[in-house]
Amino acid sequence: MMESARDRSAASRLEALSRVTAQYAPAEQLSAPGGRVKTIAAGHYTVTGLSRHVRLGDFVGHTTATGVHLGEVVRVEPDAVFVCPIEPGEPIGIGDVVLRKGAFRLAPDSSWCGRTINALGDPIDGLGPMVQGPVRRPISANAPPSMLRSRVERGFKTGVKAIDIFSPLCLGQRLGIFAGSGVGKSTLLSMLARADSFDRVVIALVGERGREVREFIEDTLGDNLRKSVAIVATSDESPMLRKMAPLSAVTIAEQFRDDGDNVLLIVDSVTRFAHAIREVAVASGEPPVARGYPASVFTELPRLLERAGPGEEGKGTITAIISILVDGDNHNDPIADSTRGILDGHIVMERSLAEEGRYPPINPLASISRLARKAWTPDEEKLVSRLKSLIHKYEETSDLRLIGGYRPGSDPEVDMAVRQVPTIYEMLKQSPGDPPSPDAFADLAAALRNASMPQAQPANIRRN
């Protein structure tokens, strides 16, 4: 009699979970039998009875007294499935019923602009429920076929003088900003988010400090907030949510791109995305292969980054600006080295320049845009080449000049660099409160012209 009651209780729980699951998965997936939680460990739990019915990356739902909770399949064995819970502190118990839900999907809509959501697509701004779009898209998807994508051809102005002169960008380009902690990469991203060349802006804040979220969204975006969607997974959230946030962001950007919009995608930072993948992989038993990072990190990074860029012919573009937090200011750490080879350019920010008071602390010699020639005119390209030569001369002779070993007049090139490079550095300074520069080359020409003009003598000095 007791056995029969227990069976009826399990059946009723399965029926309740199936009704909830129906909101997320196609009807044919609900016919799969349910599994049960077998073991529970830090960071994951195992489920029996689902091994033949799930694939890596599928989502499952397990029901408890507090409701239905999500998890992602991270490992499949013949007699058990390893699942990482989506939300921290989920009340998981031995014997909980688990059903397959399939790939996690979002249904982005243009009405999402102006909203702030979490990695699951739920609003966190207190402005009410989200309107669901007509198309449900899996957050783990493939990039458009290479030969069907349109070409990157048109440049645009970011308003940041150091970038527009030395590393100009094009619509559909993917750029990385490499910097150590506290150097100013988030500040630079906030300046780039104000660019007026885009129809939509999608921002993923991954592993950020919770107190900075409102500051970034409300103060930085300004008027661009009405055309922006922010996806937030703060540092105290689970690694699964931090892993999902960039995937959800690029899925929303893909929907806008397919609608014909030019989209700016900002991810801050992809390093914390890699850290989240590492936490999930290590919890599932995957061994590390490069300085503590498992192989799945270097599989997921290109899959995420390749989804940005131009869409198919006749559709819009996704211009991606990705921040990379270099560990210990080592610009050759595994994540930095891997992303540098995937992206279409990189901006290098150096702590030594920030300590000198040069903001943004961009090193113009180390920063490269692989599509710069599509944005420069031929005259601008020649000018930038000349400027880099002067900056190189100036920096190369810095130690010699400091000890008084250089004599003016011995090298005309160095003399010109000493006269002009400090003016160039001063002109490149720009704070977040400064208005965007509409024409950085015009600002540079004006600065050099003013520096070369003789200073006017004070009126109270009598001329001989």
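**First selection: a pair of charged neighbours**

Select Asp258 and Arg257, whose side chains meet in a salt bridge (3.8 Å, N to O). A salt bridge here is a side-chain nitrogen of Lys or Arg within 4 Å of a carboxyl oxygen of Asp or Glu. Arg257 counts as buried at 3% relative accessibility, whereas Asp258 counts as partly exposed at 27%. Buried means under 20% relative accessible area, exposed means over 50%, and partly exposed lies in between (1.4 Å probe, protein chains only). Next, select Arg209, Arg211, Glu212 and Glu215, which salt bridges with shared partners join into one network.

The model is predicted: local features need pLDDT of at least 70, side-chain atom pairs count only at pLDDT 80 or more, and totals for chains, interfaces and linings use all residues. Residues are numbered from 1 along each chain as its sequence is written, and side-chain values use heavy atoms, with hydrogens and water left out.

**The whole protein**

Zoom out to the entire model. The C-alpha trace spans about 120 × 45 × 45 Å along its principal axes. The protein has 14 helices and 21 strands; helices (H or I, at least four residues) and strands (E, at least two) are DSSP runs, numbered from the N terminus. Of the 464 residues, 51% are buried. The protein exposes about 21800 Å², of which carbon and sulfur atoms supply 52%; accessible areas come from the Shrake-Rupley method with a 1.4 Å probe, and for residues only the protein chains shown count as cover. A search of the whole structure finds 23 salt bridges.

**Helix H7**

Select residues 295-305, which form helix H7. Which residues of this helix are buried? They are Val297, Leu301, Leu304 and Leu305. Seen down the axis of H7, these buried residues fall within an arc of 85 degrees, so they line one face of the helix; the arc is that of the directions from the helix axis to the C-beta atoms. An α-helix has 3.6 residues a turn, so residues three or four places apart point the same way.

The buried residues of H7 pack against several elements, including strand S12 (174-179), helix H5 (239-258) and helix H6 (270-283). Contact means heavy atoms within 4.5 Å.

Select Arg174 and Glu306, whose side chains form a salt bridge (3.3 Å, N to O). Arg174 lies in strand S12 and Glu306 in the loop between H7 and strand S18 (309-310), so the pair ties together parts that are 132 residues apart in sequence. Arg174 counts as buried at 9% relative accessibility, while Glu306 counts as partly exposed at 32%.

Move to Glu254 and Arg307, a salt bridge in which the closest N and O atoms are 2.8 Å apart. This pair links distant parts of the chain, with Glu254 in helix H5 and Arg307 in the loop between H7 and S18, 53 residues apart. Both Glu254 and Arg307 are buried.

Leaving aside its neighbours within four places in sequence, Asn142 is in contact with Arg303 and Arg307. The C-alpha atoms of Asn142 and Arg303 are separated by 7.0 Å, although these residues are 161 apart along the chain. Is Asn142 buried or exposed? Asn142 is exposed, with a relative accessible area of 63%.

**Arg242 in helix H5**

Return to helix H5 and select Arg242. This arginine is buried, with a relative accessible area of 10%. Beyond its neighbours within four places in sequence, Arg242 is in contact with several residues, among them Val206, Phe273 and Glu279.

**Backbone details**

Select Asp268 and Ser269, where the joining peptide bond is cis, with omega near 0 degrees. Ser269 lies in the loop between strand S15 (262-268) and H6. Another cis peptide bond runs from Tyr359 to Pro360, with omega near -5 degrees. Lastly, select Arg291, in the loop between strand S16 (288-290) and S17. Arg291 has a positive phi of about 50 degrees although it is not a glycine, and counts as exposed at 61% relative accessibility.
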